Amino acid sequence: MFETVLVISLGLIAISSFLLIIRLIKGPSIPDRAISLDAIGINLIGITAIISVVLKTNAFLDVILLIGILAFIGTVAIAKFLEKGEIIENDRDK
Amino acid sequence: MIVISKLIIGFLILLGSILSLISSIGILRLPDVYTRNHAASKAATLGIISIMLGVFLYFSIHEEHINTRVILGIIFVLLTSPVAGHLINRAAYYTKTPLWKNTVVDDLKNKEEG
């Protein structure tokens, strides 16, 4: 029963990631694609968490925190590039 | 005890995955960038927090292993996901991504002109 619930949850998150990939392909603007990539990263955290319960191991729990940090840094870099044109500004050039 | 905890953990994980599915349906069907971001940065965050809470309860009850990194992950996602949504929305507004055609009021535009 519990394993069935876990497999159903994995299937639901897989469908969710598939819908996000559709939005990633046909999104009309760049922020749409950034939003859907961020949400795919968030979904990957959930997939990793459920997989570690299915396999009954605690070796993958570090990966959760790592994916969260990387998704946040990537989204901030995309947002700053869209808004200012460069990611790391050099003040002495001005 | 074990059966009740499995019931609660299964409910939390199923609730989180259903919230993720609802969030992605919202991202697919809503009309413009700002409403899509509204769906993405709230429902997906709550869903993932619910899943990670279920996983933390599973490992602390059934495996007797209290993993503080999952708690740290919950706090980190709770803090950073709305901030990332705000930054993307702000970049979208200042690069003049069009609003939905039925938008009634745009206070930020009036503030810049006046």
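Student: In this predicted model, how many residues does the contact take from chain B and from chain A?
Tutor: The model is predicted, and its totals for interfaces use all residues. Both chains contribute to the contact, which takes 44 residues from chain A and 46 residues from chain B.

Student: What share of the area buried between chain B and chain A do carbon and sulfur atoms give?
Tutor: The size of an interface is often given as the accessible area lost when the parts come together. For chain B and chain A, this buried area is about 3,900 Å². The share given by carbon and sulfur atoms is 79%.

Student: Which residue of chain B meets Asp32(A) in a salt bridge?
Tutor: Between chain B and chain A, the count is three salt bridges. One of them joins the side chain of Asp32(A), with an N to O distance of 2.5 Å, to that of Arg36(B).

Student: Which element gives the most residues to the side of chain B that touches chain A?
Tutor: Eight residue pairs are in polar contact across the interface of chain B and chain A, both at pLDDT 80 or more. The elements giving two or more residues to the chain B side are α1 (2–29), α2 (33–61) and α3 (68–94) of chain B. With 16 residues, the element that gives the most is α3(B).

Student: How far apart are the end C-alpha atoms of α3(B), and what span should its 27 residues have?
Tutor: At 1.5 Å a residue, the 27 residues of α3(B) should span 39 Å. The distance between the end C-alpha atoms agrees with this expectation, as it is 39 Å.

Student: Why does His62(B) count as partly exposed?
Tutor: His62(B) lies in the loop between α2 and α3 of chain B. A residue is buried under 20% relative accessible area and exposed over 50%, with partly exposed in between. His62(B) therefore counts as partly exposed, because its relative accessibility is 23%.

Student: With which side chain does the side chain of His62(B) make a polar contact?
Tutor: Leaving aside neighbours within four places in sequence, His62(B) is in contact with Ile2(B), Ser5(B), Lys6(B), Ile9(B) and Leu57(B). At a distance of 3.2 Å, the side chain of His62(B) makes a polar contact with that of Ser5(B).

Technical notes: Residues numbered from 1 in each chain as written. Chains lettered and ligands numbered in written order. Predicted model: local features only at pLDDT ≥ 70, side-chain atom pairs only at ≥ 80, totals over all residues. Heavy atoms only, no water. Contact = heavy atoms within 4.5 Å. Buried area = accessible area lost by both parts, 1.4 Å probe. Salt bridge = Lys/Arg side-chain N within 4 Å of Asp/Glu carboxyl O. Polar contact = N/O pair within 3.5 Å; in protein donor to acceptor, adjacent residues only side chain to side chain. Helix = DSSP H or I, 4+ residues; strand = E, 2+ residues; numbered from the N terminus. Expected span 1.5 Å × (residues − 1). Buried < 20%, exposed > 50% of the residue type's maximum accessible area, 1.4 Å probe, protein only.
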